[in-house]
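Keep the viewer open as you read.

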Amino acid sequence: MAAPGLRVPTILLFDSGLGGLSVLRELARQRPDARYVYAADDAGFPYGALDEETLIARVVAVMDALVNRLAPDTVVISCNTASTLVLPALRARFPIPFVGTVPAIKPACEGSQTRLISVLATPGTVKRDYTRALIRDFAGACRVTLVGSARLAPLVEASFAGDAVEDADFAEEIAPAFVKEGGTRTDTVVLACTHYPLVRDRLEKVAPWPVRWVDPAPAIARRTVSLIGPAVGDRMPAPLRLFSTGNPLDATLVGRIAGMPARNGELVPMPAAFA
């Protein structure tokens with residue numbers, strides 16, 4: 001329980017689907033006492049298919065509804081596609097901290113031995129100027145291969161929905177991330193979509209050779225904790241609250257993925273333009 005007189009923060013995590021649960025799991029390890037809310041804009045999934053203007057307007061509209069209702073202490077945009085585009089608009093609109101999720105290119109390059117790394121992402125993340133700037137600023141002598149998969153995140157969602165997703169489907173999507181050049185080959189793959197760590201075991205199984213997979217969740221959690229402070233207790237005080245824009249999230253499924261009890265999902269009222 002929280003120490004007397006110390007306020008327990010409310011942390012809102014947001015994604016287009018279930019991917020942000022990979023960040024939630026790590027954050028809950030570092031701040032087990034916080035109150036957590038998870039929101040998925042499933043009616044807009046996948047974000048990689050949206051043009052930039054539509055994506056910005058949509059995320060801001062969802063945040064308007066959520067922030068006004070929940071008054072969170074901080075918001076984690078646990079989606080690379082949204083973070084690489086929408087964070088400036090959110091920070092200008094709301095007087096609370098926003099933590100983003102961006103491709104972990106710097107640590108990937110720092111730890112690569114072969115200097116061949118790949119960024120496994122969505123098409124939206126791959127085409128962002130922000131992603132290109134990260135490569136320019138931090139890749140150094142590394143050669144970076146950008147792989148934008150339109151199918152991988154939907155495959156992850158389908159697998160958790162109970163659909164049969166074959167190993168060959170995953171193998172086909174990650175194959176371009178494995179590059180051979182002369183006597184060297186890719187040794188590091190950045191998981192630049194928060195959906196991907198949820199199926200890391202399957203990706204490892206179908207990979208052509210072993211690589212170091214870089215998951216940004218630990219760094220995102222550390223950044224969030226640096227903004228709100230360390231834990232004031234040792235357990236989460238309430239079940240995870242769930243919100244979505246399309247269909248109510250399955251509390252049993254989310255609880256299983258996140259590793260914590262969850263309440264029945266609620267719907268976020270959206271403006272008619274986004275309904």
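This is a predicted model: local features need pLDDT of at least 70, side-chain atom pairs count only at pLDDT 80 or more; totals for chains, interfaces and linings use all residues.

## A tour of the model

Pro-46 sits in the loop that links strand S2 (35–40) to helix H2 (52–70).

Ala-71, in the loop between H2 and strand S3 (74–77), has a positive phi of about 45° even though it is not a glycine. Ala-71 is also exposed, at 53% relative accessible area. Arg-115 belongs to the loop between H4 and strand S5 (116–121), and its phi is near 65°, again positive in a residue other than glycine. Arg-115 counts as partly exposed, because its relative accessible area is 39%.

**The annotated cysteines**

Which residues does UniProt mark as "active site"? The unreviewed entry puts that feature at Cys-79 and Cys-193. They span 115 residues in sequence, yet no two of their C-alpha atoms are more than 6.5 Å apart, so they gather at one spot.

Cys-79 is in the loop between S3 and H3, while Cys-193 is in the loop between strand S9 (188–191) and helix H9 (200–206). Are they buried or exposed? Cys-79 is buried, since its relative accessibility is 5%, and Cys-193 is buried too, at 8%; the cut-off for buried is under 20%.

Setting aside neighbours within four places in sequence, Cys-79 is in contact with Phe-14, Asp-15, Tyr-47, Thr-101 and Thr-194. On the same terms, Cys-193 is in contact with Asn-80, Leu-120, Thr-122 and Ala-153.

**The annotated binding site**

The unreviewed UniProt entry also lists a "binding site" made up of Asp-15, Ser-16, Tyr-47, Gly-48, Asn-80, Thr-81, Thr-194 and His-195. They are spread over 181 residues of sequence but cluster in space, with a largest C-alpha distance of 13.1 Å. Of these residues, Ser-16 is included in the lining of the second largest pocket.

Asp-15 lies in strand S1 (residues 10–15) and is buried, at 1% relative accessibility. Beyond its neighbours within four places in sequence, the contacts of Asp-15 include Tyr-38, Ser-78, Cys-79, Thr-194 and His-195.

Thr-81 is placed in helix H3 and is buried as well, with a relative accessible area of 4%. Not counting residues up to four places away in sequence, Thr-81 touches Tyr-47, Gly-48, Leu-55, Thr-122, Gly-124, Thr-125 and Arg-128. With one of these, Thr-122, the side chain of Thr-81 makes a side-chain polar contact at 2.6 Å.

**Pockets**

Rolling a probe the size of a water molecule over the atoms shows where empty space is left. Here are two of the results:

| Pocket | Volume | Lining residues | Nonpolar / polar / charged |
|---|---|---|---|
| Largest | about 440 Å³ | 22 residues | 16 nonpolar, 2 polar, 4 charged |

In the largest pocket, the residues nearest the centre are Gly-100, Val-102, Pro-103, Ala-219 and Ile-220. Helix H3 (80–93), strand S4 (98–99), helix H4 (105–111), helix H6 (129–138) and helix H10 (217–228) each give at least two residues to the lining of this pocket. Which element supplies the largest share of that lining? H10 does, with 4 residues.

**Helix H7**

Why is H7 described as largely enclosed by the rest of the structure? Because 7 of its 9 residues are buried. The buried residues are Leu-152, Ala-153, Leu-155, Val-156, Glu-157, Ala-158 and Phe-160.

Just after H7, Gly-162 takes a positive phi of about 100°.

Methods: Residues are numbered from 1 along each chain as its sequence is written. Side-chain values use heavy atoms; hydrogens and water are left out. On a 1 Å grid over the protein atoms alone, a cavity is a set of points where a 1.4 Å probe fits but cannot get out, and a pocket is an open set with protein on both sides within 12 Å along at least five of seven lines; lining residues have an atom within 4 Å of a point. Grid points are joined across faces, edges and corners, and a volume is the space filled by probe spheres set on the points. Ala, Val, Leu, Ile, Met, Phe, Trp, Tyr, Cys and Pro count as nonpolar, Asp, Glu, Lys and Arg as charged, and the others, Gly among them, as polar. UniProt positions are given in the numbering used here, feature names are shortened, and annotations may be inferred rather than shown by experiment. Buried means under 20% relative accessible area, exposed over 50%, partly exposed in between (1.4 Å probe, protein chains only). Contact means heavy atoms within 4.5 Å. A polar contact is a pair of N or O atoms within 3.5 Å; within protein, one must be able to donate a hydrogen and the other to accept it, and residues adjacent in sequence count only if both atoms are side-chain atoms.
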